[in-house]
Amino acid sequence: MSTPRCQLYLITPPVLEDLDGFALLMEQALDAGPVAALQIRLKPADDETIAAAVRRLAPLAQGRGVAVILNDRPDLAAALGCDGVHVGQSDASVASARRIVGKSAMIGATCHDSRHLAMEAAEAGADYVAFGAFYPTSTKVTEHRPEPELLTIWQEVMEIPSVAIGGITVDNARPLIDAGADFLAVSHGVWGHPAGPAAAIRAFHDLLSQAG
């Protein structure tokens, strides 16, 4: 089976009140179709809560060939055996994150609607750049709303992959795929899907396969 050009990048809900229950849901979702990466993004949460989540979820994802990315915290990502870290503009820099997580770890950077920020991240050694929010989202407060054309321009001039993020669902994802996104970062569009996370993953897989 060939890999679709655009792949799914799954993000956890910001709060996991029932970690074991979520782990079961996540397993069902990951077994329903291909997922390239899982970002563990818990806000607000203390170090102990983050560590407990990584220890519970990472082996389930990594055992299925899914890369585990920790949001914001290169120190914990390195200590807990994550595959990489994702940093925002107000978090650690890409360069400092690289010093902490090492040469082989994956680093992603939030770049909002800015090619300039994305170029800087790429030059600093980021492995991917994330643009968004493309659609309204309840997961986080957003100030930037790029147009899909940004993904097209990036794909034409840069080799580093782009991740589209922000309010993405099965129903609104196609324009971002067509524009050239390498990955779709999805949270509520999977975990909040009316038919359940596994059904959402299957629907995304069908969409990505048709587009790819």
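Modeller: Happy to. A salt bridge is a side-chain nitrogen of Lys or Arg within 4 Å of a carboxyl oxygen of Asp or Glu. The model is predicted, so local features need pLDDT of at least 70 and side-chain atom pairs count only at pLDDT 80 or more, while totals for chains, interfaces and linings use all residues. Residues are numbered from 1 along each chain as its sequence is written, and side-chain values use heavy atoms, with hydrogens and water left out.

Colleague: How many salt bridges does a search of the whole structure find?

Modeller: The search finds eight.

Colleague: What makes Arg56 and Asp20 a salt bridge?

Modeller: Their closest N and O atoms are 2.8 Å apart, and the rule asks for within 4 Å, so the pair qualifies. Arg56 sits in helix H2 (residues 47-62) and Asp20 in helix H1 (residues 19-30), so the contact ties together parts 36 residues apart in sequence. Helices here are DSSP runs (H or I, at least four residues), as are strands (E, at least two), numbered from the N terminus.

Colleague: And which parts does the salt bridge of Glu27 with Arg64 tie together?

Modeller: For that pair the closest N and O atoms are 3.3 Å apart. Glu27 belongs to helix H1 and Arg64 to the loop between H2 and strand E3 (67-71), so parts 37 residues apart in sequence are tied together.

Colleague: Why is Glu27 called partly exposed?

Modeller: Buried means under 20% relative accessible area and exposed over 50%, with partly exposed in between (1.4 Å probe, protein chains only). Glu27 has 23% relative accessibility, so it counts as partly exposed. Arg64, at 32%, gets that label too, and Arg56 is partly exposed at 32%.

Colleague: How do you know that Arg73 and Asp75 form a salt bridge?

Modeller: Their closest N and O atoms are 2.9 Å apart. Arg73 is partly exposed at 21%, and Asp75 is partly exposed at 37%. Elsewhere, salt bridges that share partners join Glu27, Asp31 and Arg64 into one network.

Colleague: Now the cysteines: why is Cys6 too far from the closest cysteine sulfur for a bond?

Modeller: A disulfide is a pair of cysteine sulfur atoms within 2.5 Å. The closest cysteine sulfur to that of Cys6 is in Cys111, 17 Å away, so the distance rules out a bond. Cys111 is likewise in no disulfide, and the count by this rule is zero.

Colleague: Is Cys111 buried or exposed?

Modeller: Cys111 is buried, at 0% relative accessible area. Cys6 counts as buried as well, at 2%.
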